[in-house]
Amino acid sequence: MSCLKPGLGYLPMFWSLFAGIALAICYTIATSRGHIYPYVPAISDTGLKIPENALFSESFNFIAYSVLVLMVIRYFQVREILATGTVEELKGNTLQKLNQGSIVLGSLSAFGATLVGNFKSEREHHAMMVVHDIGSICLFSGGTFYFWAQTIITYNFAKAGYNTMCMFGVRLFLTILTSICGLTFFLAEIPAYKAFIRSGTKNSIQQWKPENAGYALHVLSNVCEWVGTSCFAILVSTFFKEFQKISLSVHCSLDGYSSLSVEKYSTFGRINSETGDDSDQ
């Protein structure tokens, strides 16, 4: 079974599980302490107050850096497969350009995640809120375009036998859903926030309740945010089988020290590099 073979397949699975568990813990802490209204809050609101904000920031930093590592590994995997010539290239080396563009967009998405995690969305700190919103745009737009590129690559790899049309269908469905959710998230949140501010309510955004203006659009926006984020996590986990075919190794060479007398050490003693004999220490 491929799942039992050594490879890097568990990296995307671990990433998806970590992201889901981290957000669940932040939500649980925030609701148990009364920091947010518990019914469909914005994801960023679950990490606004102490102590959950520390976990939220650390989790998003780890999520951002680790997913960037996964994207880099995927970039080199696609590049090596294209270099074999077994995949029919599109006009103008489109697949190579998509692969290159995907790592750029993926990096933008990861950078956006760090902004979301470290700059809080609070009305009282307008500058931080603006940076947070810019991060959200980078995260969702960069991530969505990344998965569109990977979906197109998956389709062409499936025709060459490196993947299956079933997997292409799964990624296409999730990417379309992510696109719809991301667009709806932004289009609904803007008028909802404006209505909430104009109402002059004394409630904070974290305590946005049904009786407050713009609540219906606010809930719609948040539902799309949670669904879109879930799609991101599921999409990453779909690369399990491809990553299982990858192994990484580290080779340490002492060629630069050839002029020196080098001694090797074993668990039981010192090994002479020329004779290979063990001598007691």
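Please keep in mind that the model is predicted. Its largest pocket holds about 930 Å³ of space, and Phe140, one of the residues nearest the centre of that pocket, also belongs to a cluster linked by ring pairs.

**The largest pocket**

- The lining of the largest pocket is made up of 47 residues.
- Nearest the centre of this pocket lie His132, Ser136, Phe140, Phe185 and Glu225.
- Six helices are named as giving two or more residues each to the lining: α1 (10-32), α2 (52-83), α3 (94-118), α4 (126-159), α5 (165-198) and α6 (215-237).
- Helix α4 makes the biggest contribution to the lining, with eleven residues.
- Sorted by class, the lining has 28 nonpolar residues, alongside 14 polar and five charged ones.

**Aromatic pairs around Phe140**

- Across the whole structure, a search turns up 18 aromatic pairs.
- Phe140 and Phe185 are both buried.
- Phe140 also pairs with Phe186, this time edge-to-face, at 6.2 Å centre to centre and with 85° between the planes.
- Phe140 has a relative accessibility of 6%, so it counts as buried.
- Phe186, by contrast, counts as partly exposed because its relative accessibility is 26%.
- Ring pairs join Phe140, Phe185 and Phe186 with Tyr146, Phe147 and Phe232 in a cluster.

**A charge over a ring**

- The charged end of Arg171 is placed over the ring of Phe239, at 3.9 Å from the ring centre.

- Ile50 and Pro51 are joined by a cis peptide bond, with omega at about 10°.
- Pro51 is located in the loop between α1 and α2.
- Val40 lies in the loop between α1 and α2 as well, and its phi is near 50°, a positive value in a residue other than glycine.
- With a relative accessibility of 30%, Val40 counts as partly exposed.

Conventions. Residues are numbered from 1 along each chain as its sequence is written. This is a predicted model: local features need pLDDT of at least 70, side-chain atom pairs count only at pLDDT 80 or more; totals for chains, interfaces and linings use all residues. Side-chain values use heavy atoms; hydrogens and water are left out. On a 1 Å grid over the protein atoms alone, a cavity is a set of points where a 1.4 Å probe fits but cannot get out, and a pocket is an open set with protein on both sides within 12 Å along at least five of seven lines; lining residues have an atom within 4 Å of a point. Grid points are joined across faces, edges and corners, and a volume is the space filled by probe spheres set on the points. Helices (H or I, at least four residues) and strands (E, at least two) are DSSP runs, numbered from the N terminus. Ala, Val, Leu, Ile, Met, Phe, Trp, Tyr, Cys and Pro count as nonpolar, Asp, Glu, Lys and Arg as charged, and the others, Gly among them, as polar. Rings of Phe, Tyr and Trp (its six-membered ring) pair if their centres lie within 6.5 Å; planes under 30 degrees apart count as stacked, over 60 as edge-to-face and the rest as tilted. Buried means under 20% relative accessible area, exposed over 50%, partly exposed in between (1.4 Å probe, protein chains only). A charge sits over a ring if NZ of Lys or CZ of Arg is within 6 Å of the ring centre and within 35 degrees of the ring normal.
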